[in-house]
Amino acid sequence: MELNKKLALIENILEAEVGKEGLNRDTILGEIGDWDSLTQLSLVIIMKEKFNKELTGSQIRSMVTVQDILDYME
Amino acid sequence: MINPMDLTGKRILVTGASSGIGKETAIHLSKLGASLVLVARNEEKLLDTIFSLEGTGHSLHHFNLKDIDNIEEFLEEIINKIGKLNGLVHCAGINELRPLGITDYNFLHNTMLINFYSFVELVRVISKKKNCAKSTSVVVMSSVASIKGDKSKTAYCASKGALDSAVRAMAKELAVKNIRVNSVVAGFLKTNMYDSYIKELGEEAFNENVLRYQYLGLGEPIDASNAIAFLLSNASKFITGTNLIVDGGYLS
């Protein structure tokens, strides 16, 4: 998947309000959208369905920036 | 001494019999004298169930209940071979947490297929005169989710609510055929659904969200099995169209 598609996916999950420039790798998750337990559960499900990756609770909790999510989107 | 929940000679079909409440129920019903017709997807696990049964006259069948269009042919083939059924217990079901933002039609449909549509199709076929005995009891596993909502459970709650409503309509329509239809509204029991809750949300969340209200503690599959056996037996012959709550106090 191309980078801009991955970023759009993350933007969608987070319901991020990012304006025209969109997300970038360094964006702090908690600052641009809802980074709560429901959002995290959505991310777990999407990662499993689209990338076949099983994220653990501690992996989720250690995520700070958009890049931390991208690292798992291989 | 009498056993009011005696099921000797009753032929009962159990779906979802390879794990959890379905497995426990199949074993329990066999101890009460029933002959079981077990249905599940997982062949290996289903074998494990059948080896745990007491008595004789049991059979096992692999079938994916999502294959709604073929349920009729599948059931009639079994019934032609072994005879009319005295009961149905629908335990097959899925409970996947999914926030509303990603609960799309496909996910919703998949949940309804296994939890609800397959049940209606099973009852539609079994309730035909040629397929059921003179006195038949249908029991379906519902959940407190039918009554009490929770985050990430729109699909599951709706599917269980659909079951509890359908039970009332079916009971009225099928009374003339001497078929009773009821659901068991279970609280939180120690099944793999509990295990996945703990895995996804943690024990602390379980204590805070569930055990605080379910003051008899975490239930066991046998608690549901006993309620199911009661609703199948003649001891409940005056009970139909109801949702029997077995929840350790959760909804009170």
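Modeller: The expected span of a helix is taken as 1.5 Å times one less than its number of residues, where helices (H or I, at least four residues) and strands (E, at least two) are DSSP runs numbered from the N terminus. This is a predicted model, in which local features need pLDDT of at least 70 and side-chain atom pairs count only at pLDDT 80 or more, while totals for chains, interfaces and linings use all residues. Residues are numbered from 1 along each chain as its sequence is written, and chains are lettered from A and ligands numbered from 1 in the order in which they are written.

I start with the sheet itself. Seven strands of chain B form an open sheet in the order E3-E2-E1-E4-E5-E6-E7, with parallel pairing, two strands being counted as paired if DSSP finds at least two bridges between them. At the edges are strand E3 (59-62) and E7 of chain B, each of which pairs on one side only. From one strand to the next the twist averages 20°; axes here are lines fitted to C-alpha atoms, for helices over the stretch in contact, and angles run from 0 to 180 degrees between N-to-C directions.

Strand E2 (residues 35-40) of chain B is joined to E3(B) by four bridges, the two running parallel, and in this pairing Val39(B) stands opposite His61(B) of E3(B). With strand E1 (residues 11-15) of chain B, E2(B) pairs in the parallel sense over five bridges, and there Arg11(B) is placed opposite Ser35(B). Six of the six residues of E2(B) are buried, a residue being buried if 20 or more other C-beta atoms lie within 10 Å of its own, exposed if 12 or fewer, and partly exposed in between, with C-beta atoms placed from the backbone. Both faces are covered, with Ser35(B), Val37(B) and Val39(B) on one side and Leu36(B), Leu38(B) and Ala40(B) on the other. Helix H2 (residues 43-51) of chain B lies across E2 and E3 of chain B and runs at about 165° to E2(B).

Further along the sheet, eight bridges join E5(B) to E6(B), again in parallel, and Ser137(B) stands opposite Arg180(B) in E6(B). Because eight of the eight residues of E6(B) are buried, this strand is largely enclosed by the rest of the structure. Ile179(B), Val181(B), Ser183(B) and Val185(B) point one way from E6(B), whereas Arg180(B), Asn182(B), Val184(B) and Ala186(B) point the other way.

Helix H5 (residues 154-174) of chain B has 21 residues, which at 1.5 Å a residue should span 30 Å, and its end C-alpha atoms are 30 Å apart, in agreement. Among its buried residues are Ala155(B), Tyr156(B), Leu163(B), Val167(B) and Met170(B). The buried residues of H5(B) pack against helix H4 (105-126), strand E5 (132-143), strand E6 (179-186) and strand E7 (243-246) of chain B, contact meaning that two C-beta atoms, placed from the backbone, lie within 7 Å. In the loop between H5 and E6 of chain B is Asn178(B), a residue other than glycine whose phi is positive, near 60°; it is partly exposed, with 14 other C-beta atoms within 10 Å.

Helix H6 (residues 192-201) and helix H7 (residues 203-211) of chain B pack at an angle of about 115°, with their axes 7 Å apart. That makes H6(B) roughly perpendicular to H7(B), since angles under 35 degrees count as roughly parallel, over 145 as roughly antiparallel, 65 to 115 as roughly perpendicular and the rest as oblique. Tyr197(B), Ile198(B) and Leu201(B) of H6(B) make the contact with Glu203(B), Ala205(B) and Phe206(B) of H7(B). These residues divide into five nonpolar, no polar and one charged, where Ala, Val, Leu, Ile, Met, Phe, Trp, Tyr, Cys and Pro count as nonpolar, Asp, Glu, Lys and Arg as charged, and the others, Gly among them, as polar.

Leu97(B) is placed in the loop between strand E4 (85-90) and H4 of chain B and counts as partly exposed, with 18 C-beta neighbours inside 10 Å. Leaving aside its neighbours within four places in sequence, Leu97(B) is in contact with Leu41(A), Ser152(B), Lys153(B) and Glu200(B). As for the two chains, their contact takes seven residues from chain B and five residues from chain A, and the side of chain B has three nonpolar, two polar and two charged residues.
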